[in-house]
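Dear colleague,

I am handing over a structure for you to look through. Please open it first, and then read the notes that follow.

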Amino acid sequence: MGRMNEGVFVRADAPIRALIVDDCEDDTYLVRVELARRGMVLDYRRVDCALDMAAALAAEEWDIVLSDHDMPGFDALAALDVLKRSGQDIPFLIHSGQISDRQAVSAMYEGVDDFIAKGDYERLVPVIERELRGARARRAVRHADTRIQQLAFFDGLLSLPNHHLFCSKVGDAIRESRERGRPPCGAVLVVDLDRFMRVNASFGYEAGNELLRQIGQRLREGLGAEIVLARLGGDEFGIFLPGATDRSGVEMLARWIVRSFDQPLMKDRVELFLTASVGIAMIPGDGEDVLDLLMNAETAIGQVKRAGGNGLRFYERTMNAASAERLALESDLRHAVERGELLLEYQPVISARHLGAVGAEALVRWQHPRLGRMAPDRFIPMADETGLITEIGAWVLGEATRQARRWLDAGHERMRISVNVSAVQFAQPRLLEVVADALRDSALPPASLVLEITESSLMSDVESAVGMLRALKNMGVQVAIDDFGTGYSSLSYLKRLPIDIVKIDKSFVRDLCHDAEDAAIVRAIIALASNLRLSTIAEGVETVEQADLLCEAGCDFLQGFHFGRPVAVENFVLRPPMR
């Protein structure tokens, strides 16, 4: 496209780039001199045939074309045709003494912008200025149109097609196949980043945006040019494979997408690892409407998420029933707190030294009006996914700390209350505020509160975890690693984490009396924790033999059905010391 000068048109330091079509070098030189005398400086090139003119248009940018009309083997209309074929918007003026008024009018109907007789420089200057102004205005309009198109159809952060354009491309492909009398085919993939909100919570939204840019670039470089990649919104990407019919080929691509996250992302020279869940809907089997296809791919993603993420699933029709039930359950959960449907049960924590109760773990239950009593594994993952865990977690902390305060007021001075903190809660800086509010409102001493955090939550981002743990410790709260031994951490990490308690997972306690390997692992954990001056709690203790072996190994506290099942507070009995 022809270049336009952005400032004042007639400036000595900004010559007008003019392509002059004329067979006479003397006439061309005269034009430059006469215009310069009138304050209009030209930087020009002369051509006199179609080939040279086309080459000049392709090689350089021009502000205006001045063309003689009658030249040997070439004329103004032929020159205009060369300009049209180039596709450039450059003002075209005929400057000739060999053209009749009738020919000039006819030429303007063909697209010539104006005609000026040769030698009429007093008119030529204002016409050039007028045409340059018009060209600049048209350029501004085109720029505005392009910007509007960019805003309407492309994501502002990644410059990828947005949700609207993605839907248009998929819909157009389906419609084109039908018009050609062929059944539509293809695949729609939705890629959703797992637990991405933790990045924003830990490092801020700009860091999250930078990681999204890296992910978009990685996907764009790995996908073929015929594949449509879009950002559907937030941390979700859409991929369209037009013409795809082979499920195995689609699955291979989806597995590449999942594996592409094995490579770290970089944030301030720190390696961060993310995972992704991929849902796949095939055309036409899973739908021929783009919104249905996206919805079905999202449904498949939900299945992947509930299995822990970091995987892929094809949509199946049987998923819809489960999805509808889940949506209804999610709607009910949104009102569970305000309707008073949540309740706490308490399981005693026993001292291995005297076998008396020294604490209790608060376990949330949901008394659903239609489905009855629901254990946390039925609704806490859903609460994590939907963000409802923030409200539920605050309610649990408030209720548990108030009950612990009642026990203290009743004379049970050594009682501690343990509360589970989910990975989503732990990743939110607001957790500190929620804990502080619960302690203040209940007047519970911070040392009487134990927050239990799963090993996997801590190990997913150790540096951020250390910062949050230190902040909690500075408040005086005690911290326990829950389900220790089931994650992927090294025991050496215990030295780095500012914690107080290690909870040995029940999977090791279950076969403690019959499996020498489990017994050795339990003893090693207890010995390491003791060397690091950490307390140990064994959970899942169900028999007296397990309790005896744990006591002999030096475990500090015991928890399990042998000492008491989780019960409502009115049925909770504070077990007195037995030795």
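A residue is called buried when its relative accessible area is under 20%, exposed when it is over 50%, and partly exposed in between, with a 1.4 Å probe and protein chains only. The model is predicted, so local features need pLDDT of at least 70 and side-chain atom pairs count only at pLDDT 80 or more, while totals for chains, interfaces and linings use all residues. Residues are numbered from 1 along each chain as its sequence is written, and side-chain values use heavy atoms, with hydrogens and water left out.

With that cut-off, tryptophan 407 and phenylalanine 572 are both buried. Rings of Phe, Tyr and Trp (for Trp the six-membered ring) are paired if their centres lie within 6.5 Å, and the pair is stacked with planes under 30 degrees apart, edge-to-face over 60, and tilted for the rest. By this rule there are 4 aromatic pairs.

In one of them, the ring centres of tryptophan 366 and phenylalanine 379 are 5.7 Å apart with the planes at 75°, so this pair is edge-to-face. Tryptophan 366 belongs to strand E16 (residues 357–368) and phenylalanine 379 to helix H12 (residues 376–386), so the pair ties together parts that are 13 residues apart in sequence. Helices (H or I, at least four residues) and strands (E, at least two) are DSSP runs, numbered from the N terminus. Both tryptophan 366 and phenylalanine 379 are buried.

The pair of tryptophan 407 and phenylalanine 572 is tilted, at 5.2 Å centre to centre and 35° between the planes. Since tryptophan 407 lies in helix H13 (residues 389–409) and phenylalanine 572 in the segment after strand E24 (567–568), the pair ties together parts that are 165 residues apart in sequence. Ring pairs link Tyr346, Trp407 and Phe572 into a cluster.

Lastly, glutamine 425, found in helix H14 (residues 423–426), is buried, with a relative accessible area of 8%. Leaving aside residues up to four places away in sequence, glutamine 425 touches Ile389, Gly393, Asn420 and Leu431, where contact means heavy atoms within 4.5 Å.
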